[in-house]
Amino acid sequence: MRPGIRCLSSLLDKTSRYHPSPITIAQLIDFGKKRDESLSYNFLHQELPIRISHMIKELDMLPDSLLQQQSVKSVKDMYLKTFEDLSHFDETGTRDEHTLCKFRRRLEEIK
């Protein structure tokens, strides 16, 4: 296993131990009304990797026959790529306009 993969796997294991924050529809609506990009960033840059790590772990629990299917591999690879990309934002520790813009662009690229 390559060092980068080992590190990503370790980060994935660590992140998946956290529980996603519960959020109601009313909170989402209120959040949207504020339209505060910095506030959204603070929540999403922590919450999305947690939720994505849980999705990856759920995929890993599928039967081997499904895990070998190309479609499942593709979905897992997309989740892993997104997890890796979003995890880099946590490393910077900055919340400047440039970081917010990069984060917003990355979210727009996620399919």
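The structure is a predicted model, in which local features need pLDDT of at least 70, side-chain atom pairs count only at pLDDT 80 or more, and totals for chains, interfaces and linings use all residues. Residues are numbered from 1 along each chain as its sequence is written, and side-chain values use heavy atoms, with hydrogens and water left out.

The protein contains 6 helices and 0 strands, where helices (H or I, at least four residues) and strands (E, at least two) are DSSP runs numbered from the N terminus. Reading along the sequence therefore gives the pattern α-α-α-α-α-α. The C-alpha trace spans about 45 × 30 × 25 Å along its principal axes. Of the 111 residues, 23% count as buried; buried means under 20% relative accessible area, exposed over 50%, and partly exposed in between, with a 1.4 Å probe and protein chains only. A contact means heavy atoms within 4.5 Å. Among contacts with a separation of 6 or more, 71% are between residues 24 or more positions apart.

At the N-terminal end, H3 is capped by Asp36, with a side-chain oxygen 3.1 Å from the backbone nitrogen of Ser38. This is where polar contacts come in: each is a pair of N or O atoms within 3.5 Å; within protein, one must be able to donate a hydrogen and the other to accept it, and residues adjacent in sequence count only if both atoms are side-chain atoms.

The buried residues of H3 include Glu47, Pro49, Ile50, Ser53 and Leu59. His45 also lies in this helix, and counts as buried because its relative accessibility is 2%. The side chain of His45 reaches the backbone oxygen of Asn42 at 3.4 Å. Tyr41, another residue of H3, is buried as well, at 1% relative accessibility. Although Tyr41 and Leu100 are 59 residues apart in sequence, their C-alpha atoms are 6.9 Å apart in space.

Tyr41 and Leu100 both belong to the largest nonpolar core, which has 10 residues in all, the others being Leu8, Leu12, Ile52, Ile56, Phe83, Leu86, Phe89 and Phe103. A nonpolar core is a set of buried Ala, Val, Leu, Ile, Met, Phe, Trp, Tyr and Cys residues joined through side-chain atoms within 4.5 Å. At least two residues of the core come from each of helix H1 (3-15), helix H3 (37-60), helix H5 (70-92) and helix H6 (97-109). Leaving aside residues up to four places away in sequence, Leu86 touches Leu48, Pro49, Ile52, Phe103, Arg106, Leu107 and Ile110.

Ser87 is located in helix H5. With 9% relative accessibility, Ser87 counts as buried. A polar atom of the Ser87 side chain lies 2.7 Å from the backbone oxygen of Phe83. Ser87 also touches Leu11 and Pro49, again not counting residues up to four places away in sequence.

The C-alpha atoms of Cys7 and Leu28 are separated by 33 Å, with the two residues 21 apart along the chain. Cys101, by comparison, is partly exposed at 23% relative accessibility.

What about bonds between cysteines? A disulfide is a covalent bond between the sulfur atoms of two cysteines. Taking a disulfide as a pair of cysteine sulfur atoms within 2.5 Å, the count comes to 0.
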